[in-house]
Amino acid sequence: MRELFLTASTKDADFSMSCAVLQGLAWMTARKSVHRILFFHGQPQPKPLKNMRAFQQSRHPQLWKDLSNQLMRSSYVLQIAYEVNPDRDFGKGTAMEFNSLPGTLRWTDLPDPARDTPVTSRKKIEIPEQSHLPMALTDNGFRYKNEVIQESYSFVRENVEFVFSRYYEVTGSPGRPITSLPPWADLKPLDPAQKWVLNVKLNVPDDSQPEKVKKAHEELLAVKAELDRLFEFKAIDRRVFDTRIAPPPARVIPGN
């Protein structure tokens, strides 16, 4: 799958007005969601996934194969996203049993070079509603790195998705997720300015057809022209989205 998106930001003071604009544009009330996102660091050297029973029992075996093929050519940081509820899961002193909960595994590639366009284009794989994800990754040599909380408000117009997101810091124990989440009111945004990021997204399921990718690109540019007076969509350096892990330096043998 290929994901194409525009990126802009809005101040917290302007957030309600910005939501109202998109609500009128999409003719719908925003869908609020909160996700707990765990990051897992791949091995230094690229390796395919093992043929594990957890993968064989998945409803998405082809996606696991596609992910394994990507991990053969480069090592990456992967995400596991769990939807959580501010009233139920924060400040209650309860631990989440990640392996028994369904989560979404996310992989994204380095975006294509921008070529004078504000549209970011990259390959991605998402495996939804999958249990035992942390176990599957650790069994394949991945290490827990860190976690964040993502708060999002999304709108959909036809096949275009508009998503406001803000990320919050979670301080955990080294090597593992925090045991229980703090109260929602105690969370601090990762961005000191407390801005919201707006992404306008389109997905192309079959990115082997260049004409479909080109059409999606043109649709996003049309949306940009429609919203240019309200949001400043900027080209983002693709290195910001780079989740690859650099291989270790080659050993130099003295005298060679």
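In the predicted model, Leu78 makes contacts (heavy atoms within 4.5 Å) with Leu38, Phe39, Phe40, Leu67, Leu105, Arg106, Trp107, Leu137 and Phe142, residues up to four places away in sequence being left out of the count. A second, separate core of 26 residues includes Phe15, Cys19, Phe164 and Phe231; a nonpolar core is here a set of buried Ala, Val, Leu, Ile, Met, Phe, Trp, Tyr and Cys residues joined through side-chain atoms within 4.5 Å. The largest nonpolar core comprises 31 residues, of which Trp64, Leu67, Leu78, Leu105 and Ile149 touch the most other members. Two or more residues each are contributed to this core by strand 2 (31-41), helix 3 (61-73), strand 3 (75-84), strand 4 (103-108), strand 5 (120-130), helix 5 (133-139) and strand 6 (143-157). The most, 5 residues, come from strand 3. Helices (H or I, at least four residues) and strands (E, at least two) are DSSP runs numbered from the N terminus.

Residues are numbered from 1 along each chain as its sequence is written, and side-chain values use heavy atoms, with hydrogens and water left out. As the model is predicted, local features need pLDDT of at least 70 and side-chain atom pairs count only at pLDDT 80 or more, whereas totals for chains, interfaces and linings use all residues.

Strand 3 also holds Val77, which counts as buried at 15% relative accessibility (buried means under 20% relative accessible area, exposed over 50% and partly exposed in between, with a 1.4 Å probe and protein chains only). Beyond residues up to four places away in sequence, Val77 touches Phe39, Phe40, His41, Lys145, Thr243 and Ile245. Its C-alpha atom is separated by 23 Å from that of Arg59, 18 residues apart along the chain. Ser74, in the loop between helix 3 and strand 3, is buried with a relative accessible area of 12%. With residues up to four places away excluded, Ser74 touches Pro46 and Arg244.

Strand 3 pairs with strand 4 in the antiparallel sense over 3 bridges, pairing requiring at least two bridges found by DSSP. Within this pairing, Gln79 stands opposite Arg106 in strand 4. Strand 4 pairs with strand 5, likewise in the antiparallel sense, over 5 bridges, and Thr108 has Lys124 of strand 5 as its bridge partner. Because 5 of its 6 residues are buried, strand 4 is largely enclosed by the rest of the structure.

The end C-alpha atoms of helix 3 are 19 Å apart, in agreement with the 18 Å that its 13 residues should span at 1.5 Å a residue; the expected span is 1.5 Å times one less than the number of residues. In helix 3, Trp64, Leu67, Ser68, Gln70 and Leu71 are buried. These residues lie on the same side of helix 3 because they cover an arc of only 160° around the axis, the arc being that of the directions from the helix axis to the C-beta atoms.

In helix 1 (residues 15-26), the buried residues are Phe15, Ser18, Cys19, Leu22, Leu25 and Ala26. Their arc of only 120° around the axis puts them on the same side of helix 1, while Ser16 and Met17 are exposed on the other side. The cover over the buried residues includes strand 1 (2-10), strand 6, strand 7 (160-169), strand 8 (196-204) and helix 6 (210-227).

The average pLDDT (the predictor's confidence in each residue, from 0 to 100) is 91, and 94% of the residues score at least 70.
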